[in-house]
Amino acid sequence: VLFWYQLAFRLMQFVTTAGVSVATNERKFSQLKFVKTILRSTMGDERLDCLMLLASEKDLTDKLISRQ
């Protein structure tokens with residue numbers, strides 16, 4: 001009986017976190033597509049990597065800007 005409760009608990013954990021994980025990844029790829037579309041022809045890979053880092057961590061960059 002304990003085995004079935006543990007199995008059900010693990011299944012519920014997976015179901016509740018799987019959607020969040022997928023949505024987060026889709027947002028990151030959407031941001032990458034946006035940045036690459038606008039600036040594709042005018043930048044190198046290093047600059048694109050830096051811009052993607054800033055775009056994906058927007059909440060942190062907003063905090064830095066609001067402190068100034």
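Reader: What does the secondary structure come to?
Author: The protein chain has 3 helices and 0 strands. Along the sequence the pattern reads α-α-α. Helices (H or I, at least four residues) and strands (E, at least two) are DSSP runs, numbered from the N terminus.

Reader: Anything to know before we go on?
Author: This is a predicted model: local features need pLDDT of at least 70, side-chain atom pairs count only at pLDDT 80 or more, and totals for chains, interfaces and linings use all residues. Residues are numbered from 1 along each chain as its sequence is written, and side-chain values use heavy atoms, with hydrogens and water left out.

Reader: How much of the protein chain counts as buried?
Author: Of its 68 residues, 9%. Buried means under 20% relative accessible area, exposed over 50%, and partly exposed in between (1.4 Å probe, protein chains only).

Reader: Let's take H2. Which of its residues are buried?
Author: Leu48, Met52 and Ser56. They cover an arc of only 60° around the axis, so they sit on the same side of H2. The arc is that of the directions from the helix axis to the C-beta atoms.

Reader: What's on the other side of H2?
Author: Glu46 and Leu53, both exposed there.

Reader: How far does H2 reach?
Author: H2 has 12 residues and spans 16 Å from first C-alpha to last, close to the 16 Å expected at 1.5 Å a residue. The expected span is 1.5 Å times one less than the number of residues.

Reader: Back to Ser56. What is it in contact with?
Author: Lys28 and Gln31, leaving aside neighbours within four places in sequence. Contact means heavy atoms within 4.5 Å. Ser56 lies in helix H2 (residues 45–56), and its relative accessibility is 17%.

Reader: Which residues does Leu32 touch?
Author: Leu48 and Met52, not counting residues up to four places away in sequence. Leu32 is in helix H1. Its relative accessible area is 25%, so Leu32 is partly exposed.

Reader: Is Phe29 buried or exposed?
Author: Exposed, at 60% relative accessibility. Phe29 has its place in helix H1.

Reader: New topic. How many salt bridges?
Author: The count comes to 1 salt bridge. A salt bridge is a side-chain nitrogen of Lys or Arg within 4 Å of a carboxyl oxygen of Asp or Glu. Here the side chains of Lys58 and Asp62 meet (3.0 Å, N to O).

Reader: Where do Lys58 and Asp62 sit?
Author: In helix H3 (residues 58–67), 4 residues apart, which means about one helical turn separates them. Lys58 is partly exposed at 48%, and Asp62 is partly exposed at 36%.

Reader: Last one. Which residues make the nonpolar surface patch?
Author: Val1, Leu2 and Tyr5, and the patch is about 400 Å². Patches are made of residues with over 30% relative accessible area and no salt bridge: like charges are joined within 9 Å, nonpolar side chains (Val, Leu, Ile, Met, Phe, Trp, Tyr) within 5 Å. Val1 is in the segment before helix H1 (2–39), and is exposed at 75%.

Note on methods
Accessible areas come from the Shrake-Rupley method with a 1.4 Å probe; for residues, only the protein chains shown count as cover.
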